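Please have a look at the sequence and the model before I go on.

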Amino acid sequence: MNKALRKAVIAGNWKMNKTPAETAELIAAMKPLVAGAGCEVVLCVPFVDIAAALEAAKGSNIHIGAENCHWEHAGAFTGEISADMLTAMGVEYVITGHSERRTYFGDTDVTVNKRTRAAVEAGLTAIVCVGETLEQREQGITNELVALQVKIALGGLSKEQLKKIIIAYEPVWAIGTGRTATAEQAQEVCTVIRDTLAALYGRQAADGVTVQYGGSMNAKNADELVAKPDVDGGLIGGASLKAEDFSVIVRAASK
Ligand code: PEP
């Protein structure tokens, strides 16, 4: 495995937090702290904060993402946002399949696939989230389950389109709980993900894909997690709402 073949990406997931004014303030605080980072820095923010985030991030190394997108271009889908709408604003990234979307809003492997395909076809980079519940881990089915989630999420995507895919391994039991996977657990499942990608697209293509870990990653544990050979950065929830903590994680992934 060769980390030099792919870029480390630290992406914040703000979830349902921050007003546009608070967005401008937080990004202004982050900008000097992450300037010159040796990894890609992304902030995925609520839809209503996108305009403020793009404006605040202008001229910096911070890239802006959304937290979800619909699979249709337009139509009668009240409350949804299309991938085309996001690219029209200047958004570069979008999260698909986050466990909170799967748990609370009925997203399934099939709809995650549809959202991911629409995102990539619109030119966005999709951060595709996969991961097991605690019950599934205890049943010993983590590796098979995550491999299947990856296969279904990427169905219909070509090797060329794989360049616009990031996979985030996010054990559901570690998200927002303060309970982090050990670096060994993260490495094991990220390797399963890469092997799954290799089976689908070939080893060379798989080695070029960024595979993140997410789940209570913070300023204290980031170093150990991102040092693992198959962990190429992280998807960060709570700690991405604090400029100082987020910048420590960015620095850890820049080494
Ligand atoms: C997330 O929202 O993807 C996440 C990993 O959250 P947290 O870091 O708060 O666990």
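Predicted model: local features only at pLDDT ≥ 70, side-chain atom pairs only at ≥ 80, totals over all residues.

A backbone N or O atom of Ser 216 lies 2.7 Å from an oxygen atom of the ligand, a polar contact in the sense of a pair of N or O atoms within 3.5 Å. Gly 238 has a polar backbone atom 2.9 Å from a ligand oxygen, while for His 98 a polar side-chain atom lies 2.9 Å from an oxygen atom of the ligand. Taken alone, the ligand exposes 290 Å², and the protein buries 95% of that, with areas from the Shrake-Rupley method and a 1.4 Å probe.

Residues are numbered from 1 along each chain as its sequence is written, and side-chain values use heavy atoms, with hydrogens and water left out.

Around the ligand there are 14 residues, the closest being Lys 15, Glu 170, Gly 176, Ser 216 and Gly 237, where a residue counts if one of its heavy atoms lies within 4 Å.

Now to the helices, which are DSSP runs of H or I with at least four residues, numbered from the N terminus. The axes, lines fitted to C-alpha atoms over the stretch in contact, with angles from 0 to 180 degrees between N-to-C directions, come within 9 Å for helix 7 (residues 142-153) and helix 8 (residues 183-201), and cross at roughly 45°.

Note on methods
Polar contact = N/O pair within 3.5 Å; in protein donor to acceptor, adjacent residues only side chain to side chain. Helix = DSSP H or I, 4+ residues; strand = E, 2+ residues; numbered from the N terminus.
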